[in-house]
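Trainee: Could you walk me through reading some backbone and sheet features in a model?
Mentor: Gladly, let's look together.

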Amino acid sequence: MRNWKDLLTISAVALGALALIALALGIALTNFLVDFWWFSSLDFGGYFWLRVLYRYIFSGGVTIFFFGIFFLHFWAASRYLGVDQSAFSELTRSDGARYRNLLSLFQTGSMKVYVPLSLILAVTIAAPFYTQWEQALLFFFGPASGVMDPVYGEDVSFYLLQLPLLELIYSELLATAVILLVAVWVLYWIEHQLLPVERKEWPVGARLHLAFLIFVTAFFLAWGFLLERHNLLYVGAHEPVFFGPGFVEMRYVNPLLWMLVVWLLAAATCCIAWVYNGKAFNGMAAFLVLFFITWAMRHWQFPQQMLDRFVVKPNPVAVERDFMNNNIKATLSAYGLDQVKTIPLTATAGADLIDPHTRENLHNIPIWDPEYLDDVYQQLQGIRPYYRFTDVDVGRYSLNGVTEQVNLAAREINIGKLPKEAQNWENTHLRYTHGFGAVVTPASQKADLPMEWFLRDLNLQSSVGMTVEKPDIYFGTEQLGYAVVPNRLNIVDISSFDMDSSQNYTGRDGVPISSLFRRLLCAIYFRDEKLFFSINIDDNSKLLFRRNIVERIKTLTPFLALDRDPYIVVTPRHIYWVQDAYTTSNWYPASKPTHFTFAGVDGKEEAHKFNYIRNSVKVVVDAFDGTVDYYVSDPSDSIILGYSKAYPGVFKDIATLPPLLREQLRYPRDVFGVQMGIYAKYHQTDPALFYQQAETWDVAKVDNNPMKPYYFTTYLEGAEEMQDFVLLNAMTPVGRNNLSMIGVAGSLKAGVTGLPYSPKIAVYKFSRDVQVNGPSQVSALIDQDPEIARLFALWDQKGSHVQRGRMIMLPIGRSLLYVQPVYIVSTASTKIPELARVILSMGNIVVMDTSLEKALDRLEARLRQTIPGTNHGQPAPTDNEAIPSMRPL
């Protein structure tokens with residue numbers, strides 16, 4: 001009986017010890033386990049393990065590789081190669097035994113030193129690879145791009161995917177070779193000191209070993225010179241004229257690099273022969289002299305300065321033409337500007353009458369600016385103090401058979417406006433867990449009528465049939481903490497439409513916390529003991545965290561850069577967020593680099609320097625259940641194709657994107673701004689014009705503020721293959737205010753390419769022979785209009801002030817129509833901007849009225865007085881040439 005008791009006691013103690021060990025191990029691995037649970041809740045569990053395996057297999061493999069190299073050389077040098085046993089033959093038995101015992105002690109005892117020394121050196125050398133494991137994925141998985149660099153004729157995927165890792169491999173291998181050469185020489189010298197005094201000649205094995213290391217070091221140095229040839233493609237010495245290698249680099253430096261390779265390898269070969277048989281010393285010395293002379297010529301600036309002064313500067317275009325052309329071609333290709341469609345547009349000196357098609361489709365001219373609507377939405381549709389509209393987006397929907405451009409915003413949760421005493425743990429994490437619904441308004445409104453709403457209020461009223469089955473917004477752009485849903489709280493009147501939505505959360509996302517072990521680890525993870533001790537959490541509760549969509553996406557795919565303007569899409573089922581994501585690189589050959597800031601975690605922005613960018617991915621996040629889906633929008637991008645192969649199943653074909661979401665895709669504003677900044681200079685494709693910079697553009701300005709690109713639903717004459725929802729950006733000559741061009745970015749229609757999404761840029765380029773008023777000039781005309789100035793002075797009284805919105809440009813015939821809204825904004829703390837008037841301008845004519853229709857009537861009446869040859873409202877006949885223009889739909 002006693003034996004059974006002892007056995008049970010031992011078993012209980014053993015089980016208790018195992019439980020404690022498991023608990024301690026779980027606590028030690030808290031971050032790892034919680035992250036795994038989170039990835040798994042999004043169906044990214046396999047992707048999580050792939051990332052772990054790639055990271056540690058690569059890091060561990062590199063470390064083992066360098067450890068093996070160091071240990072093999074140390075072991076061989078100490079055990080086999082360093083001592084010639086014939087050195088003991090001339091000694092007496094007692095002396096020979098004494099030297100052999102001393103040498104044996106050194107060799108065997110030194111193993112205790114070589115292993116840790118090799119490990120320390122291996123970790124030190126391999127450390128830079130630990131943070132470059134994703135670059136290694138591109139090295140192994142990235143496909144060829146099919147595009148050749150304009151200088152050396154190599155596939156650009158070599159530069160984007162392989163060269164960054166090759167540079168790192170070269171530097172670490174060279175460091176390894178140098179360390180080994182010095183360490184092995186010291187080791188041989190120490191071993192040699194243990195030999196009898198009478199015998200001082202180094203054995204053949206030691207000499208061959210050192211010769212081999214010398215050759216390997218020379219080989220890596222030579223490889224470095226070959227890589228330096230590729231680094232010439234990133235020379236910025238010729239800026240601001242052009243970027244990349246020029247005459248001096250390609251005709252002087254490049255041949256010297258080849259000569260350095262030849263002299264170095266020849267000297268290393270002679271060195272092996274000299275070490276082995278004592279011959280070829282003169283040859284080695286001669287090649288070393290040539291090497292150092294060539295190396296000095298490479299780094300001596302005087303010859304390069306003389307070439308630049310007497311050859312390049314007197315004939316810059318003739319000498320540098322090919323190299324400027326290389327830079328132009330590479331830059332346009334790297335930024336996706338090599339297929340821009342240019343549409344010439346010759347404006348008239350006067351103005352054209354408004355065509356009927358424009359008048360019929362005024363409803364798509366965006367009168368309301370999104371930045372002004374933010375205050376309107378907040379005051380009229382915030383409804384509860386804990387709801388907030390973080391951003392107003394632009395979209396287009398087919399409503400009642402008509403394509404309508406709309407403004408819309410998500411009603412997100414933000415309890416910062418609640419009283420301080422209400423901002424407690426229970427309210428924050430269990431009660432106020434989500435936003436609710438969205439508001440939608442037509443982009444065009446009338447100043448003399450109340451604002452029209454397509455979707456409004458917490459009961460989701462809609463006059464056009466817009467509905468949402470699950471309008472709850474658990475995931476958005478707010479900096480949201482974790483939430484526990486469902487829970488035991490009796491939550492009432494959070495949203496009048498669905499009073500118990502927090503209790504019946506049915507989304508896929510969420511880490512189940514049904515067990516005490518999971519609750520304990522999650523409490524440790526968030527450093528919040530209330531999460532463990534709360535009695536309002538039940539077995540069905542899930543933990544939602546990383547609810548900010550930027551943080552969510554960056555955690556899943558940190559290698560993607562994110563657009564700063566995610567936008568919502570309202571569908572009958574859920575509300576979704578669409579986040580444009582980019583692949584960037586600073587390794588595109590001969591392409592001009594630029595700087596830009598993308599969205600970052602915790603509301604911060606991430607600064608990037610790059611010379612290659614692609615909008616390769618459209619990320620869709622379900623606002624209700626947090627599901628994240630990645631769709632490849634640019635299948636020609638080698639970088640995203642490399643990641644797709646490395647992570648199978650993560651990146652989907654954009655053709656599988658549901659149609660209701662696919663039709664809302666748009667050209668992202670951030671990348672268009674980057675592209676237009678580059679195109680402002682690089683549209684001059686002739687090297688002579690490029691050197692002169694006589695037609696360089698700048699972003700159009702109003703009151704010294706750059707005009708931001710804006711979305712517009714319009715029909716594009718001259719670019720009929722593009723879809724109707726486009727992004728517009730205007731530019732003027734540098735230092736001038738007249739208009740040079742209007743850039744239009746959108747997607748090609750599906751029937752044109754057979755692809756569901758194919759981005760395209762077109763440029764309406766105005767002739768230089770006719771003056772076309774730019775936005776700042778039109779703004780000056782508005783300021784000079786006496787009637788407008790009188791009304792502005794009247795409205796700009798105490799308690800309110802006048803603000804003019806953004807300018808909308810619309811080419812009509814050979815003229816340009818400007819549209820600008822006027823708002824009256826209260827100076828009080830409660831600001832609800834009111835649309836007061838709409839200003840139209842064409843040519844030098846400026847009119848203002850309460851609606852687009854009335855303003856057009858006044859404008860047309862003024863036009864008839866200035867345009868000769870009109871007859872009963874019909875314009876005079878013109879020639880039959882096509883006149884590209886844009887018309888609202």
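Trainee: In which loop is Asp602 found?
Mentor: Keep in mind that this is a predicted model. Asp602 is found in the loop between strand E15 (594-599) and strand E16 (605-610).

Trainee: What is the phi of Asp602?
Mentor: Most residues other than glycine have a negative phi. Asp602 is not a glycine, yet its phi is positive, about 60°. Asp602 has a relative accessible area of 51% and so counts as exposed, the cut-off being over 50%.

Trainee: And how does Ile383 count, with its 44% relative accessibility?
Mentor: Ile383 counts as partly exposed. Its phi is also positive, at about 65°, and Ile383 sits in the loop between H14 and strand E2 (387-388).

Trainee: In what order do the strands of the open sheet come?
Mentor: Strands of a sheet pair through backbone hydrogen bonds, either parallel or antiparallel. Here the order is E3-E4-E7, with antiparallel pairing. E3 (393-399) and E7 (438-442) each have a single partner strand, so one side of each lacks a neighbour in the sheet. From one strand to the next, the twist averages 40°.

Trainee: How many bridges join E4 to E7?
Mentor: Five. Ala410 stands opposite Ala438 in E7. Helix H14 (residues 370-381) lies across E3, E4 and E7, at about 65° to E4.

Methods:
Residues numbered from 1 in each chain as written. Predicted model: local features only at pLDDT ≥ 70, side-chain atom pairs only at ≥ 80, totals over all residues. Heavy atoms only, no water. Pairing = 2+ DSSP bridges. Helix = DSSP H or I, 4+ residues; strand = E, 2+ residues; numbered from the N terminus. Axes fitted to C-alpha atoms, helices over the stretch in contact; angles between N-to-C directions. Contact = heavy atoms within 4.5 Å. Buried < 20%, exposed > 50% of the residue type's maximum accessible area, 1.4 Å probe, protein only.
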